[in-house]
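Welcome, and please get your viewer ready. We will take a short walk, one selection after another.

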Amino acid sequence: MVPESAGFAELLNKARERYPAVFDNLGTAALWVLFAGLLIAALILYTNLFVVGIIFGSIIALGAIGLTLIYGIMKFAHFAHGDMMMLAAYLAFFALTGRIVGEKTEVDLGWSLDRLPGATTQLGPLSFGYGLLLAMLVALIATVALFVALDNVIYRRLRQRGSGIVIFAMVSLGIAIVARSVILILWGPEPRFYVPGIFPAHEFPFGIKLKADQIFIFATVAIVAILVYFLLFRTRIGKAMRATSDNPELARVSGIDTDQVIRWTWAIGGALVAVAGVLLAIQAQLKPELGFAILLPLFAAAILGGIGSPQGALIGAMIVGITQEVSLGIELSIAGRDILPQILPLAPGYKFAVAFVILILILLVRPQGLFGAKA
Amino acid sequence: MKADKFITPAAWALVTVAIVTLPATRSQDLGGVISFLTGFAILVAIFAILALGLNVQWGYTGIFNFGVVAFFMVGAYAAAIITKGPATTEYVRYVGGFGDKLDFIPFLDSEQWLPFLFGTAGAAIVSGALAFVLSIPTLRLREDYLAIATIGIAELLRRIAIEEKGLVNSDRGLIGIPSPLEDLVNPPEYKFIFFGVAVALVILILIALEAGSRSPWGRVLKAIREDETTAAAAGKDIFNFKMQSFVVGAMIMGVGGAAYAYYSRSVSPDAFTHFFGTFLIWAMLIVGGSGNNKGAILGAYIVWGFYSITGLMRAYFADWGLEFLELRMSFLRDFVVGALIVIVLLLRPAGLLPEERRVSLFMQRESKQPTPPGEPESGPTGSRADASPDREKGSGGVAS
């Protein structure tokens with residue numbers, strides 16, 4: 001066996017020398033086939049999980065688009081992204097209910113959005129009224145202001161000093177800890193809901209069960225994604241952002257105001273974070289530790305799609321979301337016998353670890369991402 | 001710059017005064033105060049071990065490990081299952097449990113120390129092996145990708161500890177972990193023995209690391225940190241050296257985990273959060289001064305001191321009727337740790353004890369000669385306050 005395998009390795013090496021492009025792309029092709037096969041199999045065999053995965057993936061997508069823009073333009077891993085999502089969700093909670101709730105103590109502002117006439121009347125089949133939409137807007141404005149302010153006070157000073165990406169990443173981690181502890185100080189560790197109660201799922205063809213809120217989430221993400229597309233590809237600032245992401249030096253010498261680009265990037269990232277955070281809280285609940293847990297799916301989606309590529313982040317998020325849902329529900333069986341009965345379906349605790357496995361796979365095979373051109 | 005020199009002793013003194021006076025003013029019992037301070041010092045020593053391990057990876061080599069808790073946890077669990085006896089009831093399930101087979105030397109009370117040598121060595125080996133396996137896919141990546149990957153590994157391992165029933169008793173964790181030399185004295189006095197053991201461990205590791213960082217090996221690591229390309233051009237195998245540093249740092253963290261398991265006598269997945277196991281250690285290293293072993297120890301003292309002081313303050317807030325503060329103290333101190341990371345990196349990126357400039361013995365002898373005018377004074381103790389401490393490797397792509 002040994003000489004044969006050695007001969008095979010030699011053959012492989014020769015082939016690699018002769019056709020380098022094929023072999024460089026082999027891993028990528030294998031990855032594409034893997035993901036495409038997985039998605040198609042999931043669509044056919046587990047249609048419901050596939051659809052639920054798309055809902056979850058669309059929430060991740062909003063966060064990941066903001067993350068990939070910040071990553072692409074400022075070249076650092078923004079570790080505060082997940083916790084900022086959660087902070088925005090809690091800000092919306094605060095705007096809606098006017099309450100700061102902790103253990104034993106409860107502070108209630110005299111006035112809040114849910115005291116507007118009819119603000120809590122449910123919009124059609126949805127679980128919430130227009131008050132939550134207003135609260136989302138308030139959270140959006142607050143988060144955008146917060147992101148721009150943080151850049152002015154902290155990140156700009158680091159840029160002026162010429163700090164390395166690692167220092168940026170570490171500072172963002174410090175901010176993440178601060179954001180999470182602010183949530184814990186003001187609203188306490190217990191889970192919260194915008195609207196308490198259980199809402200029924202509606203039956204659709206192909207065994208799909210969805211709540212009205214989940215359809216709202218998907219619709220919101222679709223609208224926001226189209227808005228972001230127009231902003232990035234049809235406006236002056238969007239083109240400047242993409243140019244800066246591709247090549248900061250070239251953008252600067254072509255007369256693009258990179259400071260303005262950076263401010264816009266934070267603003268757009270903040271807006272996306274706010275919407276994503278509120279949607280996540282509608283889908284799951286308000287939980288302080290969710291902010292850090294969502295970080296891995298966000299990074300997996302952004303890296304999978306290629307850093308700096310918003311379209312890539314969107315598709316990456318869908319792959320991550322669907323894989324996560326399906327791997328928790330899938331049961332591989334051939335001819336009535338379970339394959340890998342010990343491993344699948346995964347225990348629910350592994351939900352966010354699935355994103356990590358995808359992340360390691362992509363980092364090993366194609367670190368520049370499925371759509372990224374440069375290393 | 002006078003305030004600059006003042007701030008390190010001030011921080012040190014503030015923590016010391018507070019940690020001694022706060023319990024002393026509340027308790028009339030001197031023994032209780034001493035016991036509290038000993039417990040505090042033991043935890044400082046354990047955190048110092050972890051911070052020293054991180055210093056090898058980040059301070060020396062610039063490896064951006066955001067998964068400290070993975071090695072900490074693996075070390076603690078490894079030490080626990082090696083030193084514990086086998087499970088006695090069917091409700092507790094875990095692998096290992098070799099404790100009662102490891103006292104095979106029939107004299108010198110070997111059950112009091114021999115299993116712990118095995119346990120600590122086992123913790124270091126398992127932690128190091130984990131680092132070795134992880135280094136293959138991750139160390140070639142850009143440093144921020146490495147950080148994301150290590151967070152993921154830590155999360156995955158924590159999940160495995162919780163979800164895999166029968167591996168380490170799932171989320172209830174392991175209790176009743178024995179401690180070294182515990183039968184030699186009465187339980188109330190045992191803390192002092194453990195304190196001695198922990199301090200001895202810190203000193204051993206410190207001596208080894210100081211020697212290592214002065215050696216050619218340590219200089220290569222720092223060369224890699226400062227400029228990978230130049231180090232590679234000088235013929236150094238970057239990946240190999242980075243892996244060695246990653247593994248050595250992880251082994252030290254594993255020893256820290258083992259010490260933690262022996263001291264707390266119980267390990268459970270709840271204890272090993274990202275905040276407690278990773279970011280607190282990072283805060284210690286950043287505050288103390290990365291690249292400086294003494295800085296790592298000082299950082300462990302100051303950050304853990306601050307943590308303990310805020311814990312003690314709860315009782316005062318309760319007395320003063322500040323219920324809001326009392327109930328939220330544990331979140332407030334997390335807030336301060338996060339803010340501390342940001343503020344130190346913004347205002348004093350080198351930390352309280354900046355990295356010392358190290359030159360080889362040969363260069364040290366050379367520098368004894370009068371330095372030519374205009375040349376900066378270079379010596380082993382010359383502080384590097386003026387040098388930019390940030391790692392300027394930002395633009396690097398995926399290193400291969």
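Predicted model: local features only at pLDDT ≥ 70, side-chain atom pairs only at ≥ 80, totals over all residues.

**Stop 1**

Colour chain A and chain B separately, then select the residues where they touch: 48 from chain B and 48 from chain A. Together the two chains bury about 4500 Å², with 77% of that area on carbon and sulfur atoms. Now pick out B:I148, B:F331 and B:L346, which supply 15% of the area that chain B buries against chain A, more than any other three residues.

**Stop 2: polar links across the interface**

How many salt bridges are there between chain B and chain A? The count is zero. Polar contacts do turn up, though: five residue pairs make them across the interface, with both partners at pLDDT 80 or more.

**Stop 3: the helices of chain B**

Show chain B as a cartoon and highlight helix 4 (114-138), helix 5 (143-163), helix 10 (274-288) and helix 12 (323-347), each giving at least two residues to the side that touches chain A. Colour the touching side of chain B by residue class and you will find 30 nonpolar, five polar and 13 charged residues.

**Stop 4: the second largest pocket**

Next, move to the second largest pocket, with a volume of about 1000 Å³. Centre the view on A:R180, A:P288, A:E289, A:L290 and B:R158, the closest to its centre of the 37 lining residues. Both chains contribute helices to this lining, including helix 14 (351-365) of chain A and helix 5 of chain B. Helix 6 of chain A gives the largest share, five residues. By class, the lining holds 20 nonpolar, six polar and 11 charged residues.

Technical notes
Residues numbered from 1 in each chain as written. Chains lettered and ligands numbered in written order. Heavy atoms only, no water. Contact = heavy atoms within 4.5 Å. Buried area = accessible area lost by both parts, 1.4 Å probe. Salt bridge = Lys/Arg side-chain N within 4 Å of Asp/Glu carboxyl O. Polar contact = N/O pair within 3.5 Å; in protein donor to acceptor, adjacent residues only side chain to side chain. Helix = DSSP H or I, 4+ residues; strand = E, 2+ residues; numbered from the N terminus. Nonpolar A, V, L, I, M, F, W, Y, C, P; charged D, E, K, R; others polar. 1 Å grid on protein atoms, 1.4 Å probe; cavity = no way out; pocket = protein on both sides within 12 Å on 5 of 7 lines; lining within 4 Å. Points joined across faces, edges and corners; volume = space filled by probe spheres on them.
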